Amino acid sequence: MKPGNEPGEDFDTRKVHGAIIREKSEPSEKFRAAPWWLKHGIYAPLAMWGIWYLIVASGGFRWDEYSEGYFRTFVPETTEETTPAPVSNDPKALIAEGETVYTAVCAACHQATGTGLPGAFPPLAGSDWVNGTEEKIILPVLHGLVGEIVVNGETWNGAMPAQGATLDDRKVAAVLSYIRSSWGNSAPPVTPESVTTLREKFKDHAPWTAADLEAALAE
Amino acid sequence: MNPEKDQQHDPEAIEKSRQQRLEIDLAARWPVGIFIGSSIFWLLLGSALAIAASIKLHDPAFLAENPWLTFGRVRPAHLNIVAYGWLSTAGIGIGLWILSRLCRAPIRDNRSLTLAAALWNMGNAVGTWGILRGDSTAVEWLEYPTYAAPFLLVSFAFVMLESVGLIRRRPPGHIYISQWYIMAAFFWFPSLYFTAHGLLVLAPVQAPAQPPINWWFAHNALGLWFTPIGLGAAYYLIPKIIGRPIHSYYLSVIGFWSLAFFYAWNGMHHLIGGPFPAWLITASVVASIMMFIPVITVAINHHFTMVGHFKKTIYSPTLRFVVFGAMCYTLASFQGSTMAIRSLNGITHFTHYTIAHAHLGAYGFATMVFFGSIYYIMPRLLEREWPSRFLIRIHFWSCAIGFIAYFIFLSWGGILQGIEMNQKETPFLEIVALTMPYLKLRTVAGSLMTLGHLAFAVSFCWMIISHRASTGEPTLFSKRIPNPDPIS
């Protein structure tokens, strides 16, 4: 593959190779020094900030110091044992605790404002179930609820997973108290004791159906 | 005095370097031509999938009945096709050609490279088929199933071998900055891909360690693969077209090594707020802010090289695409650094703002620079001129306007979305409804970009099949050139 005109070729070499002929020679570089303002005005301040931030925001470079404590080095370390706050059955404390549980466990389906999702998850706000007897909502939370149910006259067909294994009696009571007192609901709070009683009575019950639940509650 | 200067004025040396370039381009014709030509096919397919995915976001019923075309498959197929089918394929071709030119050495084994191009395309075809039939690995940026990986890696082995050969055969003396970038990129990408695919798909490490590896790979695919090829091309083409040396070798070198040093840490800023040790995230935030160093350095170097010559972007398609791309690189990097700041990340993370940012880097920068490079390379490979300045104009303006619109719509929608998502009281569906108009406008802007790609593809095919004798004159944006300065 020799460049240039081969014998017998009649095209204009300069035209065919036009692109190569007209292009500039291969690029080169000048050796101008980096400007002083770049070094002192940009590189140095950036580097200093970087070192400062690495020191203060790395949680002491511990593997078990997670994002929440990244400014820990600014907080004086407390050596005294923190005694766990006394457990109170004050409904206000229960409701406050319930909000945390709700956000972590329930809000994904029933939404942060208890509206549910049309066609998929029934609402909790203004629901006749939520504002009815406490047993009717404690049991579905403990063991789950499947099949057709009627909420506020509308029929839903889904499956609520059981939470009894992951939430203890106090947490179940807390979250239900929160639900029963939020978004316009105004039913009395649920006590941990009533959850304990129902958990004992229907130990390891399979997920409820609406009919099941009615029958059990009628007893 | 200046050997470079003397060489430019010695007619014998000029003739010799022309002969040499001719040999280089002839040797590169098949492998580089196949890499570039097939990349344009993937660009079109990637655009079609992009539009399908975009429409699905505001019209979920669109193409929903066929499982092969559901959103969960179309979207990763788009990402992988544009990343490995378009950007990587074009990047390998462009990188090889520039490396060969700068090493003053023709590609020696163009058969193995042609085989590499074929393997690379098979890898992409198999991978895309795998994703669409439901075999995606579900690891973002690595969705191609394992059975596609050997094609890609074997192909890349040939590319690496040839690039080492080119570097070894270079004449002694100065190594130009584009050689640094391209050579490094040819080694970074396969090691990244091999490591990440091995640790995440073949023999997955423990779950908590997977996200850092995933984002280490995904971010480096942009920063240590597309970026160095794009910068290497810009560093080659800008001085080549305006006929002026690069402003400062020192700035080039600082830019290269600070990119290499800081970029590898950047990926963890995707995990801000996640369950990872604070120092890991902080180190990444710091490295992301430190990216100001290479970016400002490169921007200054490019600007001082270009200064006084910006008018040439009126005429030269290559220069206009490349300068557009280089400016987007600066913007994308500045934006990326700010997005790593914890408080701002709390708003922009998990919103469309991030998607807009990713496109500023991968499209505004890399894709536009690659378009410019292809406009420069093809006339030399084929010894033919581009057939139509009209099509080049359509290509540029559709892509530029379409992309700017795309970026503005999606960023704006993303900010609103991010602010609302931080309000616990706002129901999720309301936020979805809020982003709707922006998602529809995105489909419109994306379609305009695709129109540009079609013009480009038509232009490319026309150039290949046309039998018209070459005019020897470059195809520029404008017929009238103010002085007889050959600029393309």
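Contact here means heavy atoms within 4.5 Å. This is a predicted model, in which local features need pLDDT of at least 70 and side-chain atom pairs count only at pLDDT 80 or more, while totals for chains, interfaces and linings use all residues. Residues are numbered from 1 along each chain as its sequence is written, and side-chain values use heavy atoms, with hydrogens and water left out.

**Exercise 1.** Describe the interface between chain A and chain B.

*Solution.* Start with the residues: 51 from chain A are in contact with 68 from chain B. Next, take the area. The two chains bury about 5100 Å² between them, with 62% of it on carbon and sulfur atoms; buried area is the accessible area (1.4 Å probe) that two parts lose on being put together, summed over both.

**Exercise 2.** Find a salt bridge between the chains, then say which elements of chain A touch chain B.

*Solution.* A salt bridge puts a side-chain nitrogen of Lys or Arg within 4 Å of a carboxyl oxygen of Asp or Glu. Eight are counted between chain A and chain B. A:Arg22 and B:Glu385 form a salt bridge, at 3.1 Å from N to O. On the chain A side, helix 1 (13–16), helix 2 (18–22) and helix 3 (36–56) each give two or more residues. Helix 3 of chain A gives the most, with ten residues. Helices are DSSP runs (H or I, at least four residues), numbered from the N terminus.

**Exercise 3.** Is B:His269 buried or exposed?

*Solution.* First locate B:His269: the loop between helix 8 (249–263) and helix 9 (278–290) of chain B. Its relative accessible area is 9%, so B:His269 is buried (under 20%; exposed is over 50%, with a 1.4 Å probe and protein chains only). Finally, its contacts include B:His219 and B:Asn345, not counting residues up to four places away in sequence.

Terms used. Chains lettered and ligands numbered in written order.
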